[in-house]
Amino acid sequence: MLSNYLHEFLGLALIHFLAVVAPGPDFAVTIRQSIRFGRWVGICTAIGIGAGISVHVIYTLIGVGALIHSTPWLMTAAKIMGGVYICYLGIQFIRSKPEQADFVLSHDAPVQQQSLQRAFFTGFMTNATNPKATLFFLAVFTTVVSTTTPLSVQVFYGVWMCIVNAVWFILVSWLFSNPLIRMKFIRMGYWFERGIGIILIGFAARLVFLTV
């Protein structure tokens, strides 16, 4: 049955991939997690980001997305909530402190420890509360995906997006947790993290500014 919707799927997959690789909060958080806490935390963060997509898929498929789209104050509330969470992440990054001068970093040891559960939650919330993802799914499922496309096929689309998101950010995590690359970034210390924090706050400020 999927072969009957191959053209639609390829169009959706291309648009989604271009949206995924474009730098945004997910990208910034994955890099930060990978550099500061190591490869496994970065990978769990990436998996959390992929899982976060499921939130947007579910509410779109059950029609909540259409309700939000047609109710301006709900859309505004969703944008503000997402902006607040992204801003919170940015503030946490800006508050990053420099490491002790006598701290010896091995190639494999993370700078700090973070549980894999917390890493997953961070990735999940970063994507699930990102209103840009909300707008993206509303746009895609109302323009690219036909109203006659069976629900089972649309569910497949959603699962595909979750997997692609997770795989892409796992690759990003793998790259930035490479010992040589990671060591170079760690030498930049807290200034690098503060820079990411400023970028995230910029995302949040732009989002809220365009909303209110």
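Which residues does the UniProt annotation "transmembrane region" cover? According to that record, an unreviewed entry, the annotation covers residues 6-28, 40-67, 73-91, 133-151, 157-176 and 188-209; UniProt positions follow the numbering used here, feature names are shortened, and annotations may be inferred rather than shown by experiment. The model is predicted, so that local features need pLDDT of at least 70 and side-chain atom pairs count only at pLDDT 80 or more, while totals for chains, interfaces and linings use all residues. Residues are numbered from 1 along each chain as its sequence is written, and side-chain values use heavy atoms, with hydrogens and water left out.

Confidence is expressed as pLDDT, the predictor's confidence in each residue, from 0 to 100. The protein has a mean pLDDT of 78, and 76% of its residues reach 70 or more. Helix H6 (residues 116-128) has the highest confidence, at 93, and helix H4 (residues 64-70) the lowest, at a mean of 65. Over residues 100-111 the pLDDT is below 50, although this stretch has 18 contacts in the model beyond near neighbours in sequence. Where pLDDT is low, the predicted coordinates should not be read in detail.

Two of the annotated spans may be considered next. Residues 6-28 are 87% helix and 0% strand, with end C-alpha atoms 33 Å apart. Residues 157-176 are 100% helix and 0% strand, and their end C-alpha atoms lie 29 Å apart. Helices (H or I, at least four residues) and strands (E, at least two) are DSSP runs, numbered from the N terminus.

Helix H2 (residues 25-37) packs against helix H8 (residues 151-176) at an angle of about 40°, with the axes 9 Å apart. Axes are lines fitted to C-alpha atoms, for helices over the stretch in contact, and angles run from 0 to 180 degrees between N-to-C directions. H2 and H8 are therefore oblique to each other; angles under 35 degrees count as roughly parallel, over 145 as roughly antiparallel, 65 to 115 as roughly perpendicular and the rest as oblique. In this contact (heavy atoms within 4.5 Å), Asp26, Phe27, Thr30, Ile31, Ser34 and Ile35 of H2 meet Asn165, Trp168, Phe169, Val172, Ser173 and Phe176 of H8.

H2 also packs against H6, at an angle of about 165° and with the axes 9 Å apart. That angle makes H2 roughly antiparallel to H6. Pro25, Asp26, Val29 and Gln33 of H2 make the contact with Ala119, Thr122, Thr126 and Asn127 of H6.
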